[in-house]
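These are my notebook entries on a structure that I am examining. I record what I looked up, one topic at a time.

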2 protein chains.
Amino acid sequence: LFVSAIIPAAGKGQRFGSRLNKQFIDLGGKPLLYYTLRQFQIADVINEIILVVPENWLPEMTILAEACQFSKITQIVAGGNERFQSVANGLAKIDRQSEIVVVHDGVRPFISTELIAKSVQAGIEYQAVALAVPVKDTIKVVQQGLVEKTLDRSVLWAIQTPQVFQAELLREAYARLSRPTVSITDDATLVEALGHPVKIIEGDYRNIKITSPDDYHLAEFYLSRKII
Amino acid sequence: LFVSAIIPAAGKGQRFGSRLNKQFIDLGGKPLLYYTLRQFQIADVINEIILVVPENWLPEMTILAEACQFSKITQIVAGGNERFQSVANGLAKIDRQSEIVVVHDGVRPFISTELIAKSVQAGIEYQAVALAVPVKDTIKVVQQGLVEKTLDRSVLWAIQTPQVFQAELLREAYARLSRPTVSITDDATLVEALGHPVKIIEGDYRNIKITSPDDYHLAEFYLSRKII
């Protein structure tokens with residue numbers, strides 16, 4: 001069974017307040033993206049990695065992939081303006097024999113190889129899987145600055161990646177996507193739109209997405225303690 | 001205008017994996033709760049603090065309050081098994097002249113005095129206010145391990161404290177609470193149940209609730225950088 005990982009890392013990082021895209025920011029002497037790629041390089045279940053980066057980073061990433069001996073990176077492709085465009089660009093480049101596709105955010109460096117393996121196993125069984133953790137906060141629906149309602153927290157999950165799909169199913173989901181009216185924040189949503197069930201696998205609160213300087217501080221801390 | 005702060009810190013800390021309750025865990029040589037209390041002590045808008053702790057901690061907290069010269073602490077009372085019982089115990093002890101009640105989790109030490117002041121001002125204007133931040137994660141409703149639906153993130157807010165109420169309104173909300181069937185995770189929910197509008201004020205992502213060892217690591221990091 002051939003398993004392809006697509007790592008979208010083409011974000012502009014507007015929330016980061018830095019001129020450097022967040023996926024390339026230095027973390028212990030290496031770009032943040034290095035740690036994410038390393039986990040997929042060493043995960044036994046992964047056969048190839050399709051890396052999606054901003055167009056102007058293609059030459060640097062080719063050098064990095066070689067220098068780090070990330071031998072599973074078979075393609076480095078340019079991303080789009082939106083996350084779903086970057087994943088679509090990666091999806092177009094997976095190996096012909098690929099049956100399972102794992103999508104994982106480039107800026108989630110704390111993913112364990114155990115959770116990658118667990119996600120892939122579940123993906124083989126359920127065809128569509130998303131990693132998630134139970135929501136700890138009280139969540140309210142707010143309209144014009146006033147509470148509309150408080151949600152029942154016991155059924156709410158905060159979605160992470162990896163998300164794992166049967167390759168054909170994900171292709172079908174992307175093929176049906178024309179111009180999305182609402183912002184697509186994850187790939188599972190597209191598969192849900194096909195009416196296909198999506199299985200939730202319990203992830204790890206530490207598998208954070210680095211999108212703000214505070215997240216970066218926490219990442220630095222994890223690194224200093226050798227947690228990653 | 002007399003403003004009372006109720007600080008519930010009576011949690012058992014089951015999620016923390018430590019024998020010591022999380023609110024008393026050491027952070028830079030002082031119990032976590034110290035930092036929270038200090039912010040309310042130095043906030044000009046606060047007239048008195050009602051501290052709610054586990055019954056067996058009453059003597060130690062009396063000593064701490066005196067040693068730290070937290071002169072605004074007028075009452076230290078024993079909490080209940082559930083958070084809402086602890087807040088109710090505190091509410092029963094506020095000063096007779098108190099018109100505004102601020103409820104703030106004992107384990108949210110990173111609250112700024114600016115946000116305390118902003119919350120109180122909004123509480124005076126709207127009678128019921130909760131601090132919150134826009135949700136960054138994709139949130140899905142999950143039933144029996146399968147996605148039921150993906151929520152529209154643009155209207156979701158993660159609720160924090162302080163929450164500020166007109167004293168009479170909060171008393172009425174607690175008076176109507178008999179045996180809650182769903183777990184009450186914040187005070188605003190009780191006021192919403194009365195049909196009273198609750199205003200949302202934008203908080204700070206750094207105003208985290210320390211409920212797990214990972215949160216504690218981040219708190220240690222903030223402290224080491226003198227962010228608090």
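Is A:Gln69 buried or exposed? I found A:Gln69 to be exposed, at 65% relative accessibility; buried means under 20% relative accessible area, exposed over 50%, and partly exposed in between, with a 1.4 Å probe and protein chains only.

Conventions. I note that this is a predicted model, in which local features need pLDDT of at least 70 and side-chain atom pairs count only at pLDDT 80 or more, while totals for chains, interfaces and linings use all residues. Residues are numbered from 1 along each chain as its sequence is written, chains are lettered from A and ligands numbered from 1 in the order in which they are written, and side-chain values use heavy atoms, with hydrogens and water left out.

Entry 1, positive phi in chain A. I located A:Gln69 in the loop between helix 2 (58-67) and strand 5 (73-78) of chain A; helices (H or I, at least four residues) and strands (E, at least two) are DSSP runs, numbered from the N terminus. A:Gln69 is not a glycine, yet its phi is positive, near 55 degrees. I then turned to A:Gln127, another residue that is not a glycine, and read a positive phi of about 70 degrees. A:Gln127 sits in the loop between helix 4 (113-126) and strand 7 (128-134) of chain A, and with a relative accessible area of 29% it is partly exposed.

Strand 8 (residues 138-143) and strand 9 (residues 146-150) of chain A run antiparallel and are joined by four bridges; two strands pair if DSSP finds at least two bridges between them. Opposite A:Lys140 I found A:Thr150 of strand 9. Two residues lie between the strands of this hairpin, and A:Gln144 takes a positive phi near 50 degrees.

I checked how far helix 1 (residues 32-42) of chain A is covered, and nine of its 11 residues are buried. Among them are A:Leu33, A:Tyr35, A:Leu37 and A:Phe40.

Helix 3 (residues 83-91) and helix 5 (residues 167-176) of chain A have axes that come within 11 Å and cross at roughly 130 degrees; axes are lines fitted to C-alpha atoms, for helices over the stretch in contact, and angles run from 0 to 180 degrees between N-to-C directions. Helix 3 of chain A is therefore oblique to helix 5 of chain A; angles under 35 degrees count as roughly parallel, over 145 as roughly antiparallel, 65 to 115 as roughly perpendicular and the rest as oblique. I listed A:Phe84, A:Val87, A:Ala88 and A:Leu91 of helix 3 as meeting A:Leu170, A:Arg171 and A:Tyr174 of helix 5, where contact means heavy atoms within 4.5 Å.

I placed B:Gly80 in the loop between strand 5 (73-78) and helix 3 of chain B. B:Gly80 is buried, with a relative accessible area of 16%. Leaving aside residues up to four places away in sequence, B:Gly80 touches B:Lys12, B:Gln85, B:Ser86 and B:Asn89.

A:Pro162 belongs to strand 10 (residues 156-166) of chain A. In chain B, a cis peptide bond joins B:Thr161 and B:Pro162, with omega about 10 degrees.
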